[in-house]
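Open the model in your viewer and keep the selection tool ready. The stops below say what to select and what is there.

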Amino acid sequence: MKLPRIISSLPGAPAAGLGEKLPTSMPAAAVLQSTTRPHLVLHFDINETILVGDEAGGDTREDCLNKMISKSSFVLMEDDEKEQGGGNDKEASTSRRALSHTKTLKPSKWWDGTPIASSDSDTDSDDLAPPPLYTGWHWPPNACPYYRTSYKKKAKNFTAHDGAPYRPLYNELEKRVAFLPEEMKAPDGHEYPHALHHMLPAFFHTLHELKREGRSFGLVLRTFGSDLPDIADALNVFARGQHPLYPDFKDESLVMHARNMFRGRWRPKEGAGEEGNEDMFEYHLLKWSGDDKEDEQVAASGDAELLQIIENCFVAGIQDHYDFWDTHNNAPWAGKPVWTHGCRDSDGEATSMEQTCHHIFFDDNIHNDATDSIAAVRVECNNGAYCSLSGENIIAMQGKHLFRVPTVAPIMDEDWFLHRIREAEDRLAQGSG
């Protein structure tokens, strides 16, 4: 059976997705090189963005691959569940996109109208050509991801039932991710870090190419989990010339040291209470220790001190504040902060475009939803302070400072992250940052 197509744009819209090739014969990173472009600060979420399989959190690699495919498998919403007024998702109201609207759906058709042949159906799924997976930012009209319906609970074994037509794709993804067998050891006989067996080759390819082309960039690894030390071990294998795919690459600047690992915590500003809106809180970096304690030494208080650290080191890691985000109903402002430079007004409109650093955040959990997203975009305002953008204005940062990662895409295309970096830099250079 042929692999299903993976598309990132709808008919009539410009294509910009998986398999897209840059209009040049130069390597992707070479196109990115420019002495006039700002220093890059690349933020990568860990779980299901560059790491496939979180066994400590209860998800095996098989679970994660199935979930990834289900997140890009779109289904039709039935006629009586259509939202009033609308076919254009760009103009759709928040309720159309919100989980609260889709989580009760029990879809019977894929987004192209093909019946979903479940395991108890009379239709043989092997006889049905699977519709394309869709990785675009705007949802197709009257459709939503399988993962956001009532069938989300079945997503961890998606290709064993409703998603059976996508099993060949699952097998291909598994092959590409499992490049390093669990039993394989380093040439010196030592075992590789466990996390290295589950990390996307595209992540290391991105770092390798940016370094090869002499780009100025820093790396910030972000997670809600406790996996930073494991990921640091895997990154350090790569930086020290011990990665099996890059045995000739060595760059000590990419070694992550414990002194550059932090716990990020939202805390009330001085004089403010524990309750309030986003203006009452600021982000702190606490020095990392072996125990998850909230009384650790503060390394940075507020945006300016934090940026002084992460914009001036080669590699940093931050365990972000999941409990705070969860307590505040997944409001974007309460999530993982990422920053833009250049003065802006309260609507996020630029009043000055001078940028010495360009922050770009990759995360699989960024949503086209003003009420539910993981990224808190912090902008520099005219008074020199930073404030959080509204949910709607955060959505506008997709493609400039934010990229939702449909993880099947970088697994299938090792240049995917490089292409997205180029897009973000182009948009910033055009004055739309």
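**Stop 1: the largest core**

Select Phe 44, Phe 203, Leu 221, Leu 235 and Phe 362. Among the 46 residues of the largest nonpolar core, these touch the most other members. A nonpolar core is a set of buried Ala, Val, Leu, Ile, Met, Phe, Trp, Tyr and Cys residues joined through side-chain atoms within 4.5 Å. Buried means under 20% relative accessible area, exposed over 50%, partly exposed in between (1.4 Å probe, protein chains only).

Now colour the elements that give two or more residues to this core: strand 2 (39–45), helix 6 (201–212), strand 6 (217–223), helix 7 (228–239), strand 12 (357–363) and helix 12 (416–429). Helix 7 gives the largest share, eight residues. Helices (H or I, at least four residues) and strands (E, at least two) are DSSP runs, numbered from the N terminus.

This is a predicted model: local features need pLDDT of at least 70, side-chain atom pairs count only at pLDDT 80 or more, and totals for chains, interfaces and linings use all residues. Residues are numbered from 1 along each chain as its sequence is written, and side-chain values use heavy atoms, with hydrogens and water left out.

**Stop 2: Phe 362**

Centre on Phe 362. Beyond its neighbours within four places in sequence, its contacts (heavy atoms within 4.5 Å) include His 43, Phe 44, Trp 416 and Arg 420.

Next, select Leu 307, Ile 366, Ala 370 and Val 379. They are among the 38 residues of a second, separate core.

**Stop 3: helix 8**

Which residues of helix 8 (residues 302–310) are buried? Gly 302, Asp 303, Leu 306, Leu 307 and Ile 310. They lie on the same side of helix 8, because they cover an arc of only 145° around the axis (directions from the helix axis to the C-beta atoms). On the other side, Ala 304 and Gln 308 are exposed.
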